[in-house]
Amino acid sequence: MSLNDLTKVPATINVGVRSAKQQTMLALLGNPRSSYAVDCQPVTNSVLKKLIVLEDVGPFRVTGLKPAVDDLRKIFSNVKASNPQLYSALSTAGMLCCRLVRGTKTGAISNHSWGTAIDIKINDELDRRGDDKVLKGLVDLAPFFNQQGWFWGAGFGTEDGMHFEVGDERIREFHKAGFFGSNIKAPEATLSIGDRGPEVRHLQERLNAFGAEMKVDGVFG
């Protein structure tokens with residue numbers, strides 16, 4: 001099977017890894033800018049700017065949050081050692097991009113806005129979002145990201161196979177390591193507006209069981 005063949009999203013993905021909650025990102029890193037659109041805009045938060053770097057991570061260069069970029073370097077080093085063919089097929093559609101989550105009407109901020117998410121190409125091909133199928137190369141790549149505490153976007157309510165982001169627990173580990181300053185307090189791990197993923201979908205299903213009659217899309221609106 002080719003790395004660019006389409007396949008179903010595996011049932012066992014993101015085990016023990018949760019997508020980073022918007023409340024966590026805002027509390028620990030602040031708001032990247034005061035307003036957002038569907039297209040990329042620059043970071044205006046002066047404190048966050050100091051944590052953004054442009055560095056080589058192996059197969060390409062990225063602009064992103066320093067500890068997240070360091071994680072990518074480890075991830076791709078492991079890929080290169082274990083699967084050279086996959087490593088040579090990797091490229092990116094970008095990392096830092098201040099914008100809203102595509103396809104949502106909730107005003108949710110994309111985690112690309114903090115430079116903690118990346119979109120991956122396989123042999124220069126981007127996986128199509130929302131068709132519930134993913135490129136085989138992304139399936140092979142996902143365990144390397146999960147092992148480092150990153151969430152694979154194929155697990156969102158709207159499948160986003162190209163997307164990988166630092167998970168909530170990993171962001172909190174960055175905080176404990178002192179990357180964001182010692183005076184910042186981590187928030188409680190609760191769901192709030194802007195969050196998305198399996199946890200939100202489960203909450204919506206439970207609320208519907210009690211008659212809420214809401215759309216089960218995995219997005220906290």
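Mentor: Let's start with a pair of residues: Leu90 stands opposite Ile122 in strand S5. Keep in mind that this is a predicted model.

Trainee: Okay. Which strand pairs with S5 over four bridges, and in what sense?

Mentor: That's strand S4, residues 90-94, and the pairing is antiparallel.

Trainee: And how many bridges join S5 to strand S8?

Mentor: Three, and those two strands run antiparallel, with S8 covering residues 163-166.

Trainee: How do I read the two sides of a strand like S5? Which residues are on one side and which are on the other?

Mentor: The general idea is that side chains in a regular strand alternate between the two faces of the sheet. In S5, Ala117, Asp119 and Lys121 are on one side, while Ile118, Ile120 and Ile122 are on the other.

Trainee: What comes in the loop between S5 and strand S6?

Mentor: Asn123 is one of the residues there, and S6 itself is 133-135. Asp132 also has its place in that loop. Check the backbone angles: phi of Asn123 is near 50°, a positive value in a residue other than glycine. Asp132 is another non-glycine residue with a positive phi, near 60°.

Trainee: Does Asn123 count as buried, partly exposed or exposed, and why?

Mentor: Partly exposed, because its relative accessibility is 46%.

Trainee: On to helices. How should I describe two that pack together?

Mentor: You give the angle between their axes and the distance between the axes. Here, helix H3 (residues 66-82) packs against helix H5 (residues 136-147) at about 135°, with the axes 9 Å apart. H3 and H5 are therefore oblique to each other, and their crossing is right-handed.

Trainee: Which residues of H3 and H5 meet?

Mentor: From H3 you have Leu72, Ile75, Phe76, Asn78, Val79 and Ser82; from H5, Leu141, Phe144 and Phe145. By class, this contact of H3 with H5 has seven nonpolar residues, two polar ones and no charged ones.

Trainee: Which residues of H5 are buried?

Mentor: Gly137, Leu138, Val139, Leu141, Ala142, Phe144, Phe145 and Asn146. Just after H5, look for Gly149, which takes a positive phi of about 90°.

Trainee: One last stop. Where is His175?

Mentor: In helix H6, residues 168-176.

Trainee: Is His175 buried or exposed, and why?

Mentor: His175 counts as buried because its relative accessibility is 15%; the cut-off for buried is under 20%. Leaving aside neighbours within four places in sequence, His175 is in contact with Leu28, Phe180, Gly181, Ile184, Lys185 and Ala186.

Conventions: Residues are numbered from 1 along each chain as its sequence is written. This is a predicted model: local features need pLDDT of at least 70, side-chain atom pairs count only at pLDDT 80 or more; totals for chains, interfaces and linings use all residues. Side-chain values use heavy atoms; hydrogens and water are left out. Axes are lines fitted to C-alpha atoms, for helices over the stretch in contact, and angles run from 0 to 180 degrees between N-to-C directions. Angles under 35 degrees count as roughly parallel, over 145 as roughly antiparallel, 65 to 115 as roughly perpendicular and the rest as oblique. A crossing is left-handed if the near helix is turned anticlockwise from the far one by less than a right angle, and right-handed if clockwise. Contact means heavy atoms within 4.5 Å. Ala, Val, Leu, Ile, Met, Phe, Trp, Tyr, Cys and Pro count as nonpolar, Asp, Glu, Lys and Arg as charged, and the others, Gly among them, as polar. Buried means under 20% relative accessible area, exposed over 50%, partly exposed in between (1.4 Å probe, protein chains only). Two strands pair if DSSP finds at least two bridges between them.
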